[in-house]
Each structure stands twice: as structure tokens, then as C-alpha cells.
Amino acid sequence: MSETTPVTRKAKRPATTGPRGVRWLLDAGFKYWALAPALAILALLTLYPAVQLIRMSFSSVGYAGGHIAWSPVGLANFTQILGDATAMVAFRNTLVFVAITVACETLLGLALALAVSESRRLSGFYRTVLMLPVLIPPIGIGAMWLMMYDFNYGFIDKVLSALHLTPQPWLATTRLAFPSILVVDIWHWTSFLFLIILAGLESLPQDINEAAQIDGASHFQRLWHVTLPLLRPTITVAAMLRTIFAFKIFDEIYLLTNGGPGDSTQVITPYIQQVFFIQGRMGYAAALAVVTALLITIFVIVYQRVDAALSGQG
Amino acid sequence: MNQNHRTQAGPRFRRWGIALLLTAAVCGVASAQSQPPITILINTSPWLPSFKSLVSQYEKETGNKVNLNVVPFAAMIQKSLNAVSSKTSEYDILNLNEQWYSQFYSGGLVTPIKDIDPSYTLPKQVIEYAYADRWDPKVGASTKNGEVYGFPINGNIQLLFYRKDLFAKHNLQPPKTWADVEKDAKILNDPPNVYGFVTRTSPPNYNFQAWLHSYGGTIISLDQSTGTWSVNIDNAAAHQALDEWLKLTWSYSPPNYANMGQSDEISLMASGHLAMFIVASAAESNFTNPNTSSVVGKIGAAVTPGPTADARAPTSGIWVMGIPHNLPKAKQLAAAKFLEWAMTKPAELAYAKAGGVPVRQDVYEELAKDPKYGWWMQAVADSTPYIKAQVRIKETPQILSVIDRVLGQAVIKKMTADQALKQAATEIHQIMVKGGYKVAPLSSQ
């Protein structure tokens, strides 16, 4: 009996022999140096470019004598943003774009996920069809909708004409261009929200819902008081990811309007691309990118705070 | 013994000497003709097939290998800048747009041709498009006194394309003045079947410059005697030009006039829904292919109009090919040899016949007599004396983005023409001052 080792007790690792520092490295310090290669790669791939971007945003960077020349300019690039009418319009349009698309896509994604999860028949078919838009590259989406919106040959205006309605220049008036782009984005990205929310919905424990049903809760009461609170973390993460992507919209706007007519659909990422590559103002473009990253960070923090507050931790 | 040694060694040395001389001679001939393989970065465009044909011809004639790296237009500048920023460029020749090349010339990112092949001079028949091939570092602009930094490879200039059949039906002549354009557009305008005239508004700067230059205006100008730059975009000529351009934009275009790109204009014309428009000469290939055009044989080309028949101003929108600074000498020389060959008359003739836009005056004049090419090449030959340059300083893209923005605002009536030009002048003046140029104060200051 005395020879039996209790199974719940941790087996003690033989202590490493040798000097104290070496022992620490091999025992307690093992976790640190085991992580070191991964951290080094992460630093190289993430931290270094980020630091360079920030450094660039405080510099004037240009080509001279066949080389890239950097010279520090302090906060000049950042103060210049305030006087740049296009940048201000681009930031404003981006914020409006993010707010509208993320709200609409989240609500539609949630509605579709609820509908498909309750669908008994053709559930697989609905999943496949609703997933399709997110599988198409944004450049393809842009090209497809560009043809559909075309005033002279587009499908949408042909349908309107057939219905004896007036064809519209969808992408060529300040009144219609921005809403037309919102429609494309919502069509494209709702399926992303749908997929994530559906996955969350299907992983919810069914017993709580069943208990509520036994207690006499209606369908709406179960949705409002059981399903949605349980689904909240999933919805928050999905909306947060979509917000990050929406800030960086490029392909669709680049193809559909290129920021026009005038600057009515100008958003920040295509503007940064233009400033960086076409205008060659790399320092200023870096400052615009840093400000954009800060805005995204603020949104992410807000999401986390709201989520914490709703879950009673805030 | 010594004598014997000398007599035996003499012929042996002579034989070795002759063999070495022969080897050296053969190697010398080979180096003049055979060059290391080169790679050209080029964009997709209507003239790419003709450039491919030019390359094939060069390979056949010389046995030298040329690789093409073809990328979409939008990726060109990024790829080009990446190439010249690396230790060694992966491309031996870069295709540079007129609106970008100044960045490459001014930054020393491409090498002057005299540093590669000092004995070469550009043939006199090569059109220099108001010296787009040259760069003068002293003034920081393309001028007559500059060194050759790039070879013009696509001689795009603006032309007026019009429907010959519609003009004949209404007994009209190709317009020579803006008043003619307006009169003819009014007659031919029959929406939605045919629109009288469209302007390019997305982006608008290149199109607008045909009006601006024809009224004697410029965005900026340099007084070479004092080295002082002036910002002229808010002067009387610019106001007249913008008023006329906006009037034509609003009056005879389809309702989507505010977002009219070059491809939109071309498809309107190719599908028979447009009476006339101004576009770069390379667009001609869109109207001759029955697979893409319903108006084959019905399109004519003419010199761009002006306020009077003598004040025309087709603006150049050419492509030049430059040789990156970060290449081994042998590669630079191989690239130069290809481009020098491409400037010869036989090569240019073959290029033009394959559908390219040549850069030699004698080729235009010769092919103008051939009905297959003459329908548009005669117009180019006639345009040569009038060609005007775009802005050609390091800050060109920044200045043109200001022009694009304010014109866009004027088109959608968010700004009046006066406000747009005043705003443009203020911003361009700031850009010039910040760029370190000696700039005259604005007239309004």
C-alpha cells in the first residue's frame, strides 16, 4: 500500500542539475525561450513594419539621387491632415460608410442566420447560396456591379426602362453614388456576418431554450431573452471584425466611382494609395494610415467596452 | 640553341597571337550584336499587342531575348517604384506614364541615356512631345536643354474622333473651333440614341487641358530667364477654358456625365451612341475591330479644336520607357540597345502597322497615305505642330490631383468655375512653395 502513488498528485519532474542560472533557464525559463522564435517572427512581421510606418509618419520621405531619403518633420504631416479638404471628406465618408454598412450587415446577417437555423428543409442550399457573395473577390464584385449600374447598358436601368420607369445614373450623381456603393457592400459582406452568427447560433446550448419553452416562453421571448443574450459575444466579435474590414474598403469604390462624382464617395484607403503611390508623398500617406489605424483602434475599444458593459462586467 | 628556340617559339607565339586576336574579334562582334536578356515592365493597354509584335521583331532580327512582365495599369507605378527602390531592379526597362515620369527623372531613379551609351543621339524624326524625353535637373523640369532620360514609346496625343457618317448625313465638316463643336453637337444630339459630345470627367484633368492650352492657358509656367514659376490656373484663359468645357459637359452628354471615364466614352462611341469626343490617339484601335465596334469604317479623326482654327492644342499623354538606375552596366546597355532599335524607322513602321502608336513624324507622314492607317494618322501628323505638354515637374501628380478634385466639384456644381480655379491656384501655389520652387505670388495675393 505504501508503494502506491496517488493518481491526483502531479508527478514531480527531476530537478535539473547545474548552476542556478542554467537551472532556471531549463526549468522555469523554458516557457520564455520556447516562445522566443515565435515572438521574434511576430516582431519581424508585425512590429517592425508598424514601427517603420509610425517613423515614416513623422518624416518627409522621397526619392533623391536614386535612393529613398528620410528627413524628420515632427508633427507636420499630422497637422497637414487638418488642412487637407480631401482627407477630411474621406474620413467623414469612411465613418458614415462603416456605421451604415456594419449596422445593416449585422442586422441582416442575424436575421438570415436565425431564419436558416430554423429552416428544416433546404438548409444546406440556403447556406451555400448565402455564402456565395463573400467567396467572390472584391474586384470581381466591383466589376459585376459596375456593369449592372451602367447607365447606358446596365441591367438595372434596363429593368427600370422595361417597367416604364426613368433610368438613373446610379454612380454619377452625388445623390445616388454613395447609396449605390452601400448597396454593393451590404450585398457583398452580409454573408460574412451571416456565416459567423450562424456558427455561433448552432453552438448555443439548446437546453436553456428548451427549458424556456417548457416554462411557456413565446418564440419572440425566447429569442429576446435567451438566444440574443447568449449570442451577444459572437455578434460583437463579428461586427468588430467587419468594422475593421469596412474601414479598409478599397476595390469596390476604386472600380465603381474612384471617389467621384466630385469627392462624394471618396474614402480613406484609396486616398492613402493615391497619396503614397501616385503623388509620392510617403510621409503624409503614412500619417493618414496611422490616423486610420487609431480610429479603428478606438472602434475596437468601444466594442469591447460595450460588450463588457452589456455582460455586466463593465 | 637560343637561335633554334627562337625560331621554334616564334611561329608558336604567332599562332597563339593570331588565335587570341581572332577570339577577341569574334567576342567583339558578338558583344555588339548579342545582348543579355532583358525584362520590360509594361501595362495592359490597347497598344500592348503591337508592342509584343515589336519585341518579337527585335528578337527575330537580333537573337536577343526580351521578356515582358505585363501588369494592370493600376499596378504599374507601385511595381515601378518597388523596382527602383530595391538593391537591383528586377526590370531592365520601365514603361512610364506622362503623369508619373517626372518622379523617376527627378529622383534619379532612371539613368540618363548618355551615361549608358554616350555616342547615341535621338533621331531627328522622333517626336519629343514637348521634351517629355528630357529632364533638366537645374530647373527641375522637362525642357529643351535637358538630357534624354527616356525614350518615347507610345505617341499618344489627343485627337477629336467623330462619326463621319453622321457628319456627312447632316452635311457637316469636322469641327475646327469650340463654337463648331457646339453647333455640330446641337445638331447631332438625339438622346438616348446619339449624344452630341462628351467630356471625360473621371478623372478630368487630361481632357480639360485640351481646352486650357487652346485658350493659351497653362496650369503653371516657367520663366527660364529668371527661373521663376507662375501659377496660371486662375487667369482669364483658364476661366474661358473651364466655362467652355463645363458648357459642353453639361449640354450634350448622357445623364451620367459626372462619372464619365475614358472607357465609358469609348464604349459610347464604339456602340454608335456618340457623335464626337476628344480622347488619346491610342483609342483608335477600339473603332476598327468589328468584334468591339459597331461603327467600323464610320469614324474619322481630326486635330482637336480651339477657340480659333489656328489655336489648337492637342495635349500629349505619352508613355516613355526609362532604364532603372539600379542595374548592372551590361543590362543597362542591353536595354538601351533595344530602345535605340525601337526608334529606327523600320521598327516604328512595323510597330505602327501592328496597331501601335508610333513616335516618328516620317512614319506618320508615310502611313497617312495608306487608308488603313491614314484615317487617324493624318490627324496626328497634322497635330504635331500644335502639341502641348502637361505639367512636368516632380510634383505633377499632386498638382493634377488638385485639378481633378476642383474640376470634379465644378462638374457636380458643388463649386462655381471661379471658386474651383481660385481654389486650385491657391493649393498649387502652396505645393510649389513647399517644393522649394521660386514662385511668383498669385495675382490675387
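In this predicted model, chain B contains an open sheet of 3 strands, arranged in the order β10-β7-β11 with antiparallel pairing. Strands β10 (276-280) and β11 (299-302) of chain B stand at the edges; each has a single partner strand, so one side of each is left without a neighbour in the sheet. On average, and with direction ignored, neighbouring strands of this sheet are turned by 35 degrees against each other. Strands of a sheet pair through backbone hydrogen bonds, either parallel or antiparallel. Here, strand β7 (residues 158-163) of chain B pairs with β10(B) in the antiparallel sense, over 5 bridges. Within β10(B), the residue that stands opposite B:Q158 is B:A280.

Helix α10 (residues 262-270) of chain B lies across β7 and β10 of chain B, and its direction makes an angle of about 135 degrees with β10(B). Helix α8 (residues 205-214) of chain B is mostly covered, with 10 of its 10 residues buried. Among the buried residues of α8(B) are B:Y206, B:F208, B:W211 and B:L212, as well as B:N205, B:N207, B:Q209 and B:H213. The cover over the buried residues of α8(B) includes strands β7 and β10 of chain B, together with α9 (236-252) and α15 of that chain. After α8(B) comes B:G216, which has a positive phi, near 85 degrees.

The contact between the chains involves 28 residues of chain B and 25 residues of chain A. On the side of chain B that touches chain A, α3 (73-85) and α15 (396-411) of chain B each supply at least two residues. The largest share of this side comes from α15(B), with 7 residues. Helix α15 of chain B is also included in what covers the buried residues of α8(B). By residue class, the side of chain B that touches chain A divides into 11 nonpolar, 15 polar and 2 charged residues.

Two packed helices are described by the angle between their axes and the distance between the axes. Helix α6 (residues 138-149) of chain A packs against helix α8 (residues 177-202) of chain A at an angle of about 135 degrees, and their axes are 11 Å apart. The helices α6(A) and α8(A) are therefore oblique to each other, and their crossing is right-handed. On the α6(A) side, the contact is made by A:P138, A:I141, A:W145 and A:Y149, while α8(A) contributes A:S180, A:V184 and A:H188. An α-helix has 3.6 residues a turn, so residues three or four places apart point the same way. The residues of the contact of α6(A) with α8(A) divide into 5 nonpolar, 2 polar and no charged.

In the second pair, helix α2 (residues 30-57) of chain A packs with helix α13 (residues 282-310) of chain A at an angle of about 120 degrees, their axes lying 7 Å apart. The helices α2(A) and α13(A) are therefore oblique to each other; their crossing is left-handed. Helix α2(A) brings A:L53, A:I54, A:M56 and A:S57 to this contact, and α13(A) brings A:M282, A:G283, A:A286, A:A287, A:A289 and A:V290. The residues of the contact of α2(A) with α13(A) divide into 8 nonpolar, 2 polar and no charged.

Note on methods: Residues are numbered from 1 along each chain as its sequence is written. Chains are lettered from A and ligands numbered from 1 in the order in which they are written. This is a predicted model: local features need pLDDT of at least 70, side-chain atom pairs count only at pLDDT 80 or more; totals for chains, interfaces and linings use all residues. Two strands pair if DSSP finds at least two bridges between them. Helices (H or I, at least four residues) and strands (E, at least two) are DSSP runs, numbered from the N terminus. Axes are lines fitted to C-alpha atoms, for helices over the stretch in contact, and angles run from 0 to 180 degrees between N-to-C directions. Two residues are in contact if their C-beta atoms, placed from the backbone, lie within 7 Å. Ala, Val, Leu, Ile, Met, Phe, Trp, Tyr, Cys and Pro count as nonpolar, Asp, Glu, Lys and Arg as charged, and the others, Gly among them, as polar. Angles under 35 degrees count as roughly parallel, over 145 as roughly antiparallel, 65 to 115 as roughly perpendicular and the rest as oblique. A crossing is left-handed if the near helix is turned anticlockwise from the far one by less than a right angle, and right-handed if clockwise. A residue is buried if 20 or more other C-beta atoms lie within 10 Å of its own, exposed if 12 or fewer, and partly exposed in between; C-beta atoms are placed from the backbone.
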